[in-house]
Every structure is written in C-alpha cells, then in structure tokens.
Amino acid sequence: TADEVAGLLKAFGHPVVVASNYAGHDYVIGPKYYPWFWHVQRLAVGAAIAIAFCIVALKALGTDEPVRAAMQGVGGALHAGVWAFGVVTALFIAAERTKLDMKWADKWDPTSLPRDHIRMPKSLFESAISLFFDGAFILFWTKLLVIPNQLPLRDDASVAIVLSPAWTVVYWPILVLALFSAAGHIHDMVRPAWNRFRSATRIVCYSAGLAVLWVLYRGQPLVEVKPQPGTSPEELERALALVFGIVQVSMGVTAVIWVSTIGIEIWRQMKASNLPGVATAIKV
C-alpha cells in the first residue's frame, strides 16, 4: 500500500541524508585540517585581542581619564578577535576546498623538541601582554609617552606626583633592564619553552634589578608630591603618607617577587642538570 511504501522510505531517512551517503564526505573543515584549525584560532584570536588592547591602552594612557578610555576600547579589542576568528575560518575552508598540501606538518623531528622539560611553555597571550607593558614602560621612561600624574583628593583639590632626582642615578640601568625584559618576552613568543640561556638571563636581570632597588632605597624619597591650587596642608600630608606608603610596599613586594623568581630559576637550572636529553629518552 501507499502507506507501507511511505513507511519504508521514511525508515531510510530524509532524502538529503540518504543522498549524502552516496555523495562521499563533504566537510566544511575536514579531519585533515581540523586539528590545526583550533590551534591557529587560539594564536590568531589571542594575538588580535592582545594587539588591539595594547593599542587601546597606549592611546588611553595619553588621555585625562585613562581607565574610562581603556574600558571603552575593550569592545574594539573583542571586535578584532571576532574578525580574526572569521578570517582564520575562511582560510581553513579555502584550504579544505583546494586540498592544500599539508606535508610540511610531517617534517617535525622529535629530537628537535626542547631538552629541558621544566615548566609548561608560556602562552603567546601571556608573552604579548608582558611585552606590551614593557613597551609602555620604555615609552614612559624615555618620555615618549606622558601619563597623567594627578592624584585627585576631592572635586577641587589634587596633587601632582613626580619622580625625585634619586631616579637620575639609575636611569640608564633601568632602561637597559627594560630593553632586556622586552627582548626576553619576544624570545618567549618565538620559543616559549624553558631553556637554560633564557633562565640564566632572567637570573642576571633580576639580580641587577635588586641592585637597582637597593640604590633607590638608599636614595629615598623617590617621589615628590606637589599640591595644586585649592589643596589644604592636611590633605597634602595625607597624600604624602599615602604615596610614600604605596612606594614602600611596592618596593618590598617587588623585591620579594624578584628574589623568589631568582630562587625558582636556580632550582630549575639544578633540576635540568638531572634530566636526560630528548634524543636519549626516545632511544631508550
């Protein structure tokens, strides 16, 4: 009967589904490219958001209200991430349609992997953000970027915070250390795995940083607080206590972090000495 024929055809499934079983597999992004798809997406979207946010933050630092300007630019950073996702998706769809050759992926050599398995490789996003702060500090330190230094106390009262002459003694050492830090983060973006040379440079740079902190500690006060019109002596005194307290705590916390980092890197160096090389491990 017609109902029995209809039931039989229905059991096979929708005609589009049945026809696709005879047409072969047709992927938007097939299994050959899909594993690389998410890997490239993480890199592209992360880099796009980081770069866009860095640009927004640099522009915000030159305004009178940097926090508000930075918050307004967050949407632009997310927009850049969406665009990066779309571009990468389109490229992989094109690769699937044209059956792009992926033989280069078979050329990897296990013996070229990092020899020292001490920590997880740093992410591109982490290195990019660190590099941004290095760049912002270098621009500020060389006076190419002016950051508002007004500390508001109330509607009609504020103080200006400026660096004291004590910083003049360590101007060049700080600039050199900042440039080394930026170079190190660029190195982390290219080779994110831990290695002995990068670890040794971190130990040297943080040790030099501790020496700079000691010179600054001996040369206090490190900042000068200048009252603006309308600021009372009591408000100036409170501002002085607040700023000097923040400086002292910041120096102490920085010193503890740097000493801890040096200790961790020395421990990693010692641990790496007891690990077999990758080639030996593979051979075993």
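**Exercise 1.** How many residues does α7 have, and what distance does α7 reach from its first C-alpha to its last?

*Solution.* This is a predicted model, in which local features need pLDDT of at least 70, side-chain atom pairs count only at pLDDT 80 or more, and totals for chains, interfaces and linings use all residues. Residues are numbered from 1 along each chain as its sequence is written, and side-chain values use heavy atoms, with hydrogens and water left out.

Step 1. Helices are DSSP runs of H or I with at least four residues, strands are runs of E with at least two, and both are numbered from the N terminus. α7 has 23 residues.

Step 2. The expected span of a helix is 1.5 Å times one less than its number of residues. For α7, 33 Å is expected, and the helix reaches 33 Å.

Step 3. The N-terminal end of α7 is capped by Asn 195, whose side-chain oxygen lies 3.3 Å from the backbone nitrogen of Phe 197. A polar contact is a pair of N or O atoms within 3.5 Å; within protein, one must be able to donate a hydrogen and the other to accept it, and residues adjacent in sequence count only if both atoms are side-chain atoms.

**Exercise 2.** Determine which elements the buried residues of α7 and of α8 pack against.

*Solution.* Step 1. Buried means under 20% relative accessible area, exposed over 50%, and partly exposed in between (1.4 Å probe, protein chains only). Among the buried residues of α7 are Ile 203, Val 212 and Leu 216; those of α8 include Val 243, Val 247 and Met 251.

Step 2. The buried residues of α7 pack against α6 and α8, where contact means heavy atoms within 4.5 Å. Those of α8 pack against β1, β2, α7 and β3.

**Exercise 3.** Identify the residues with the most contacts inside the largest nonpolar core.

*Solution.* Step 1. A nonpolar core is a set of buried Ala, Val, Leu, Ile, Met, Phe, Trp, Tyr and Cys residues joined through side-chain atoms within 4.5 Å. The largest one has 20 residues.

Step 2. Those with the most contacts inside this core are Trp 167, Val 170, Ile 174, Leu 216, Leu 222, Val 247 and Met 251. Two or more residues each come from α5, α6, α7, β3 and α8.

Step 3. Leaving aside residues up to four places away in sequence, Val 170 touches Trp 141, Val 212, Val 215 and Leu 216.

**Exercise 4.** Describe how the three strands pair.

*Solution.* Step 1. Two strands pair if DSSP finds at least two bridges between them. β1 and β2 are antiparallel, with four bridges; Arg 154 has Ala 157 in β2 as its bridge partner.

Step 2. β2 and β3 also run antiparallel, joined by five bridges. Here Leu 163 stands opposite Val 223 in β3.

**Exercise 5.** Where do Lys 99, Lys 143 and Pro 221 lie, and what backbone feature does each show?

*Solution.* Step 1. Lys 99 lies in the loop between α4 and α5. Although not a glycine, Lys 99 has a positive phi of about 55°, and its relative accessible area of 55% makes it exposed.

Step 2. Lys 143 is in the loop between α5 and β1, with a positive phi of about 65°. Lys 143 counts as exposed because its relative accessibility is 72%.

Step 3. Pro 221 is in the loop between α7 and β3. The peptide bond from Gln 220 to Pro 221 is cis, with omega near 5°.
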